Amino acid sequence: MLELPESYTISNQIKKSLTGKRISQIEVLHTPHRFAFFHDEIQSYGELLEGQTIMKAAYHGGMIEIDTEDCMLVFADGAYPKYYEEKKKFPKKHQLAIYFDDETAIFVSIQMYGFLYIVPKGTCTESYYLSSSTKINPLCDEFTFAYFQSLYPGNHKKLTAKAFLATEQRIPGLGNGVLQDILWDAGIDPRFDMREASEADFTALYTSVKKLLKEMCEQGGRDTEKDLFGQKGGYITQLSKNSLFEPCTRCGNEIHKASFLGGTVYYCEHCQKK
(Lines give C-alpha, C1' and ligand atoms only; values in the text may rest on other atoms or scores of the structure.)
Protein backbone atom coordinates (compact mmCIF):
# COMPACT_ATOMS: atom_id res chain seq x y z
CA MET A 1 0.00 0.00 0.00
CA LEU A 2 1.09 3.55 -0.70
CA GLU A 3 2.30 5.21 2.48
CA LEU A 4 4.30 8.38 2.96
CA PRO A 5 7.75 6.99 1.99
CA GLU A 6 6.39 5.63 -1.29
CA SER A 7 4.28 8.66 -2.21
CA TYR A 8 7.28 10.89 -1.45
CA THR A 9 9.60 8.75 -3.59
CA ILE A 10 7.25 8.23 -6.55
CA SER A 11 6.09 11.86 -6.72
CA ASN A 12 9.72 13.00 -6.86
CA GLN A 13 10.46 10.46 -9.60
CA ILE A 14 7.47 11.72 -11.59
CA LYS A 15 8.64 15.33 -11.26
CA LYS A 16 12.12 14.40 -12.43
CA SER A 17 11.25 11.97 -15.25
CA LEU A 18 7.76 12.82 -16.54
CA THR A 19 7.37 16.60 -16.34
CA GLY A 20 6.69 17.95 -19.84
CA LYS A 21 5.32 14.69 -21.26
CA ARG A 22 2.12 15.06 -23.30
CA ILE A 23 -0.75 12.62 -22.76
CA SER A 24 -2.00 11.09 -25.99
CA GLN A 25 -4.54 8.54 -24.71
CA ILE A 26 -6.26 7.33 -21.54
CA GLU A 27 -7.57 3.81 -21.02
CA VAL A 28 -9.66 2.98 -17.94
CA LEU A 29 -10.53 -0.47 -16.58
CA HIS A 30 -8.91 -2.44 -19.38
CA THR A 31 -8.95 -5.18 -16.74
CA PRO A 32 -12.03 -5.06 -14.47
CA HIS A 33 -11.32 -4.90 -10.74
CA ARG A 34 -13.96 -4.99 -7.98
CA PHE A 35 -11.93 -2.77 -5.68
CA ALA A 36 -10.77 -0.10 -8.10
CA PHE A 37 -12.57 3.05 -7.01
CA PHE A 38 -12.81 6.07 -9.31
CA HIS A 39 -14.04 9.63 -8.85
CA ASP A 40 -16.96 10.66 -11.10
CA GLU A 41 -17.72 9.07 -14.47
CA ILE A 42 -14.74 7.27 -15.96
CA GLN A 43 -16.03 8.03 -19.46
CA SER A 44 -14.95 11.65 -18.95
CA TYR A 45 -11.31 10.84 -18.14
CA GLY A 46 -10.13 10.80 -21.74
CA GLU A 47 -11.76 14.14 -22.48
CA LEU A 48 -10.17 15.63 -19.36
CA LEU A 49 -6.63 14.39 -19.91
CA GLU A 50 -5.92 13.64 -23.56
CA GLY A 51 -3.75 16.42 -24.98
CA GLN A 52 -2.73 17.62 -21.52
CA THR A 53 0.91 17.88 -20.37
CA ILE A 54 2.39 16.73 -17.05
CA MET A 55 3.29 19.92 -15.19
CA LYS A 56 4.26 18.74 -11.71
CA ALA A 57 3.71 16.12 -9.01
CA ALA A 58 3.34 16.21 -5.23
CA TYR A 59 2.66 13.91 -2.30
CA HIS A 60 0.06 14.34 0.43
CA GLY A 61 0.50 11.75 3.15
CA GLY A 62 0.17 8.44 1.30
CA MET A 63 -1.40 10.02 -1.80
CA ILE A 64 0.33 10.90 -5.08
CA GLU A 65 -0.91 13.90 -7.04
CA ILE A 66 -0.02 14.58 -10.69
CA ASP A 67 -1.01 17.93 -12.17
CA THR A 68 -1.54 18.82 -15.82
CA GLU A 69 -2.48 22.28 -17.11
CA ASP A 70 -6.13 21.89 -16.16
CA CYS A 71 -6.55 18.65 -14.22
CA MET A 72 -5.16 16.59 -11.41
CA LEU A 73 -4.77 12.85 -10.93
CA VAL A 74 -4.60 11.36 -7.45
CA PHE A 75 -3.54 7.81 -6.61
CA ALA A 76 -4.11 6.30 -3.15
CA ASP A 77 -3.81 3.02 -1.24
CA GLY A 78 -3.10 0.18 -3.70
CA ALA A 79 -3.18 2.34 -6.85
CA TYR A 80 0.52 2.17 -7.71
CA PRO A 81 1.67 3.99 -10.86
CA LYS A 82 4.47 2.32 -12.82
CA TYR A 83 6.32 3.86 -15.75
CA TYR A 84 7.32 1.92 -18.88
CA GLU A 85 9.57 3.16 -21.66
CA GLU A 86 9.29 0.14 -23.98
CA LYS A 87 6.05 -0.99 -25.64
CA LYS A 88 7.06 -4.64 -25.50
CA LYS A 89 7.09 -4.45 -21.70
CA PHE A 90 3.64 -2.86 -21.33
CA PRO A 91 1.52 -4.99 -18.94
CA LYS A 92 -1.50 -6.82 -20.30
CA LYS A 93 -3.60 -6.28 -17.16
CA HIS A 94 -4.22 -2.83 -15.71
CA GLN A 95 -6.95 -0.57 -14.35
CA LEU A 96 -5.57 2.70 -15.75
CA ALA A 97 -3.19 3.43 -18.62
CA ILE A 98 -1.79 6.86 -19.42
CA TYR A 99 -0.08 6.86 -22.82
CA PHE A 100 2.31 9.66 -23.82
CA ASP A 101 3.05 10.90 -27.33
CA ASP A 102 6.66 9.64 -27.07
CA GLU A 103 5.28 6.06 -26.86
CA THR A 104 6.02 5.66 -23.16
CA ALA A 105 3.26 5.11 -20.60
CA ILE A 106 2.18 4.90 -16.97
CA PHE A 107 0.11 1.90 -15.91
CA VAL A 108 -1.78 1.47 -12.66
CA SER A 109 -2.53 -2.06 -11.50
CA ILE A 110 -4.48 -2.14 -8.24
CA GLN A 111 -3.00 -4.06 -5.33
CA MET A 112 -5.89 -5.27 -3.12
CA TYR A 113 -7.85 -1.99 -3.43
CA GLY A 114 -7.10 1.50 -4.63
CA PHE A 115 -8.53 4.94 -5.34
CA LEU A 116 -7.97 6.97 -8.51
CA TYR A 117 -9.26 10.52 -8.82
CA ILE A 118 -9.13 12.47 -12.09
CA VAL A 119 -10.79 15.85 -11.79
CA PRO A 120 -10.40 19.46 -12.97
CA LYS A 121 -8.06 21.41 -10.70
CA GLY A 122 -9.65 22.89 -7.62
CA THR A 123 -12.75 20.68 -7.72
CA CYS A 124 -11.74 17.68 -5.60
CA THR A 125 -14.04 17.39 -2.60
CA GLU A 126 -12.90 13.96 -1.37
CA SER A 127 -12.42 14.19 2.40
CA TYR A 128 -9.44 11.81 2.36
CA TYR A 129 -7.58 14.05 -0.10
CA LEU A 130 -8.50 17.26 1.70
CA SER A 131 -7.37 15.86 5.04
CA SER A 132 -4.08 14.58 3.63
CA SER A 133 -3.29 17.82 1.83
CA THR A 134 -4.05 20.18 4.71
CA LYS A 135 -2.58 18.49 7.80
CA ILE A 136 0.99 19.10 8.94
CA ASN A 137 3.54 16.93 7.16
CA PRO A 138 5.61 14.87 9.67
CA LEU A 139 8.73 15.58 7.57
CA CYS A 140 8.39 19.33 8.22
CA ASP A 141 9.71 21.38 11.13
CA GLU A 142 6.13 22.40 11.95
CA PHE A 143 5.46 18.83 13.06
CA THR A 144 6.58 19.58 16.61
CA PHE A 145 6.34 17.51 19.77
CA ALA A 146 3.56 19.79 21.02
CA TYR A 147 1.61 19.21 17.80
CA PHE A 148 2.19 15.45 18.05
CA GLN A 149 0.86 15.40 21.61
CA SER A 150 -2.19 17.40 20.52
CA LEU A 151 -3.18 14.53 18.19
CA TYR A 152 -3.90 12.31 21.18
CA PRO A 153 -7.62 12.70 22.00
CA GLY A 154 -7.20 12.19 25.75
CA ASN A 155 -10.84 11.24 26.24
CA HIS A 156 -10.05 8.37 28.62
CA LYS A 157 -11.27 5.79 26.10
CA LYS A 158 -8.91 2.95 25.27
CA LEU A 159 -6.71 3.80 22.30
CA THR A 160 -3.88 1.47 21.38
CA ALA A 161 -0.53 2.64 20.02
CA LYS A 162 -1.46 1.34 16.57
CA ALA A 163 -4.83 3.09 16.60
CA PHE A 164 -3.26 6.36 17.79
CA LEU A 165 -0.64 6.48 15.05
CA ALA A 166 -2.39 4.88 12.10
CA THR A 167 -6.13 5.66 12.25
CA GLU A 168 -8.40 8.70 11.86
CA GLN A 169 -5.89 10.34 9.49
CA ARG A 170 -4.07 11.82 12.48
CA ILE A 171 -0.78 11.53 10.58
CA PRO A 172 -1.57 11.14 6.87
CA GLY A 173 0.69 8.61 5.20
CA LEU A 174 1.53 6.76 8.41
CA GLY A 175 -0.27 3.45 8.00
CA ASN A 176 0.01 -0.13 9.16
CA GLY A 177 3.16 -0.66 7.09
CA VAL A 178 5.51 2.05 8.37
CA LEU A 179 3.90 1.76 11.80
CA GLN A 180 5.71 -1.51 12.52
CA ASP A 181 9.27 -0.16 12.54
CA ILE A 182 8.26 3.06 14.30
CA LEU A 183 6.83 1.15 17.25
CA TRP A 184 9.77 -1.27 17.30
CA ASP A 185 12.20 1.65 17.37
CA ALA A 186 10.22 3.29 20.19
CA GLY A 187 10.04 0.02 22.18
CA ILE A 188 6.24 0.03 22.24
CA ASP A 189 3.91 -2.86 21.37
CA PRO A 190 1.18 -1.97 18.82
CA ARG A 191 -1.44 -3.21 21.31
CA PHE A 192 -0.20 -0.95 24.14
CA ASP A 193 -2.97 1.09 25.82
CA MET A 194 -2.02 4.73 25.34
CA ARG A 195 -3.89 5.70 28.51
CA GLU A 196 -0.88 4.29 30.33
CA ALA A 197 1.66 6.22 28.24
CA SER A 198 4.10 8.44 30.07
CA GLU A 199 5.74 11.64 28.82
CA ALA A 200 8.78 9.49 27.98
CA ASP A 201 6.60 7.17 25.87
CA PHE A 202 5.21 10.09 23.86
CA THR A 203 8.72 11.44 23.40
CA ALA A 204 9.97 8.05 22.17
CA LEU A 205 7.08 7.77 19.72
CA TYR A 206 7.55 11.28 18.40
CA THR A 207 11.29 10.79 17.95
CA SER A 208 10.76 7.51 16.10
CA VAL A 209 8.05 8.95 13.82
CA LYS A 210 10.29 11.83 12.77
CA LYS A 211 13.47 9.78 12.44
CA LEU A 212 12.17 6.71 10.62
CA LEU A 213 9.88 8.49 8.16
CA LYS A 214 12.85 10.66 7.20
CA GLU A 215 15.08 7.59 6.76
CA MET A 216 12.48 5.73 4.71
CA CYS A 217 12.00 8.70 2.38
CA GLU A 218 15.72 9.37 1.98
CA GLN A 219 16.30 5.71 1.08
CA GLY A 220 13.63 5.57 -1.61
CA GLY A 221 10.88 3.84 0.36
CA ARG A 222 10.65 0.45 2.03
CA ASP A 223 12.07 -2.82 0.70
CA THR A 224 8.54 -4.30 0.83
CA GLU A 225 7.27 -1.79 -1.76
CA LYS A 226 8.28 -0.64 -5.26
CA ASP A 227 8.86 2.72 -6.88
CA LEU A 228 7.77 4.26 -10.21
CA PHE A 229 10.24 2.05 -12.10
CA GLY A 230 9.38 -1.17 -10.30
CA GLN A 231 12.45 -1.13 -8.05
CA LYS A 232 12.28 -2.02 -4.36
CA GLY A 233 12.92 0.71 -1.83
CA GLY A 234 16.30 0.91 -0.13
CA TYR A 235 15.04 1.05 3.45
CA ILE A 236 15.39 -2.41 5.03
CA THR A 237 12.34 -3.05 7.20
CA GLN A 238 12.96 -4.45 10.66
CA LEU A 239 9.41 -5.70 11.12
CA SER A 240 7.54 -6.94 8.06
CA LYS A 241 6.69 -10.13 6.20
CA ASN A 242 10.40 -10.29 5.31
CA SER A 243 11.50 -10.57 8.95
CA LEU A 244 8.80 -12.89 10.32
CA PHE A 245 10.35 -15.65 12.49
CA GLU A 246 13.78 -14.12 11.89
CA PRO A 247 15.90 -12.94 14.83
CA CYS A 248 15.35 -9.33 15.91
CA THR A 249 18.37 -7.28 14.81
CA ARG A 250 18.46 -5.57 18.20
CA CYS A 251 18.09 -8.45 20.68
CA GLY A 252 18.17 -11.67 18.64
CA ASN A 253 14.74 -12.91 19.74
CA GLU A 254 12.28 -14.19 17.13
CA ILE A 255 9.92 -11.77 15.39
CA HIS A 256 6.24 -12.69 15.75
CA LYS A 257 3.01 -11.56 14.13
CA ALA A 258 -0.62 -11.23 15.18
CA SER A 259 -3.91 -10.08 13.72
CA PHE A 260 -4.96 -6.79 15.27
CA LEU A 261 -7.35 -3.96 14.34
CA GLY A 262 -8.11 -5.37 10.92
CA GLY A 263 -4.52 -6.03 9.89
CA THR A 264 -1.30 -7.84 10.71
CA VAL A 265 1.15 -6.49 13.27
CA TYR A 266 4.73 -7.66 13.71
CA TYR A 267 6.53 -7.31 17.01
CA CYS A 268 9.45 -8.36 19.18
CA GLU A 269 8.30 -9.45 22.61
CA HIS A 270 11.67 -8.54 24.14
CA CYS A 271 12.15 -5.08 22.61
CA GLN A 272 8.54 -3.93 22.68
CA LYS A 273 7.58 -4.40 26.30
CA LYS A 274 5.07 -1.57 26.50
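**View 1. Ser 7 in helix α1.** Ser 7 sits within helix α1, which spans residues 4-18; helices here are DSSP runs of H or I with at least four residues, strands are runs of E with at least two, and both are numbered from the N terminus. This serine is buried, at a relative accessible area of 0% (buried is under 20%, exposed over 50%, partly exposed in between, with a 1.4 Å probe and protein chains only). A polar atom of the Ser 7 side chain lies 2.5 Å from the backbone oxygen of Gly 61. Leaving aside residues up to four places away in sequence, Ser 7 touches Tyr 59, Gly 61, Gly 62, Met 63 and Ile 64, where contact means heavy atoms within 4.5 Å.

**View 2. His 94 between two strands.** His 94 belongs to the loop joining β5 (71-84) and β6 (96-100). With a relative accessibility of 2%, His 94 counts as buried. Its contacts, not counting residues up to four places away in sequence, include Glu 27, His 30, Tyr 99 and Phe 107.

**View 3. Phe 35 in its loop.** Look for Phe 35 in the loop between β1 (23-28) and β2 (36-38). Phe 35 is partly exposed, with a relative accessible area of 37%.

**About the model.** This is a predicted model, in which local features need pLDDT of at least 70, side-chain atom pairs count only at pLDDT 80 or more, and totals for chains, interfaces and linings use all residues. Residues are numbered from 1 along each chain as its sequence is written, and side-chain values use heavy atoms, without hydrogens or water. The chain averages a pLDDT of 94 (the predictor's confidence in each residue, from 0 to 100).

Methods:
Polar contact = N/O pair within 3.5 Å; in protein donor to acceptor, adjacent residues only side chain to side chain.
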